[in-house]
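Thank you all for coming. I would like to go through one structure this morning, with the sequence and the model on the screen, and to stay with individual residues and their contacts.

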Amino acid sequence: MIRILLIRHGSTDLMGHVLYGRMPGVHLNVEGNRQVRSLAARLTQEYELSKIVSSPLERALETARPIAEIQGRTLLIDEQITEIDVGSWTGKTFEELGVLEEWKSYNRQRSLYRPPGGESMLQTQARARQSLADHTGSKAGGTVAFITHGDVIRALLILLLGLPLDYIHRLEISPACLTEVELGDSSPIIKRMNQRY
């Protein structure tokens, strides 16, 4: 059995206001740093991590580094779990996006629509799944933490649960929260989801 921990990065000042996607220079805010300190401390009490894998974006690295440091592990960076590419929507406010028909279509049917100049949710799901396979391929077991982004985690959970991608908004993934999944010889088991510390 291999345990995977899917962890969303901590809060940022733009969260809930701007679709920042892969925009550079987005850092954790004061609350995000507080969340990460609490998360890192609790993880140490509950898990001995065999591997820690992070998205390359600043907010994910700022979440992953304290976890790696307190666990005494080398931090691995994997582009496959970076944020979804939202193309020309990058940096737009949700108010600006809210009036666009293509934005409404995208949120109704993630399986069919993609951001202009960006990637589809299927592409995001496929690369994130590959990252899981790459880092959990050993039969030795262990616990692997992936520090990534809300839509990446939702896409993986949709896949593991065997649900349609269009159900993606039925899953809540909050900042600095943990979702635990056990991968064994049978179906994946979601042990807990969106655990806040």
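The side chains of glutamate 119 and arginine 127 are joined by a polar contact of 2.5 Å, where a polar contact is a pair of N or O atoms within 3.5 Å, of which, within protein, one must be able to donate a hydrogen and the other to accept it, residues adjacent in sequence counting only if both atoms are side-chain atoms. A polar contact of 3.0 Å also joins the side chain of glutamate 119 to that of arginine 22. This is a predicted model, in which local features need pLDDT of at least 70 and side-chain atom pairs count only at pLDDT 80 or more, whereas totals for chains, interfaces and linings use all residues. Residues are numbered from 1 along each chain as its sequence is written, and side-chain values use heavy atoms, with hydrogens and water left out.

Where does glutamate 119 lie? Glutamate 119 is in the loop between H4 and H5, helices (H or I, at least four residues) and strands (E, at least two) being DSSP runs numbered from the N terminus. Glutamate 119 is buried, with a relative accessible area of 10%; buried means under 20% relative accessible area, exposed over 50%, and partly exposed in between, with a 1.4 Å probe and protein chains only. Neighbours within four places in sequence aside, glutamate 119 is in contact (heavy atoms within 4.5 Å) with residues including Glu83, Asp85, Arg114 and Thr124.

Let me move on to the helices. The axes of H5 and H6 come within 9 Å and cross at roughly 80 degrees, the axes being lines fitted to C-alpha atoms, for helices over the stretch in contact, with angles running from 0 to 180 degrees between N-to-C directions. H5 and H6 are therefore roughly perpendicular to each other, since angles of 65 to 115 degrees count as roughly perpendicular, under 35 as roughly parallel, over 145 as roughly antiparallel and the rest as oblique. Among the residues that meet are Met121, Ala128 and Leu132 in H5, and Val152, Ala155 and Leu159 in H6. Histidine 135, also found in H5, is buried with a relative accessible area of 16%, and among the residues that histidine 135 touches are Lys51, Asp78 and Phe146.

Which residues of the largest nonpolar core touch the most other members? Of its 29 residues, they are Ile4, Leu6, Trp89, Met121, Phe146 and Leu157, a nonpolar core being a set of buried Ala, Val, Leu, Ile, Met, Phe, Trp, Tyr and Cys residues joined through side-chain atoms within 4.5 Å. Strand S1 (2-8), helix H4 (101-108), helix H5 (121-135), strand S6 (142-148) and helix H6 (150-161) each give two or more residues to this core, and the largest share, seven residues, comes from H6. A second, separate core of 16 residues includes Tyr47, Leu49, Ile52 and Ile67.

Finally, a point about the backbone. Alanine 176 has a positive phi of about 55 degrees although it is not a glycine; alanine 176 is placed in the loop between H6 and strand S7 (178-183) and is buried, with a relative accessible area of 4%. Asparagine 194, in strand S8 (residues 189-195), likewise is not a glycine and has a positive phi, of about 60 degrees.
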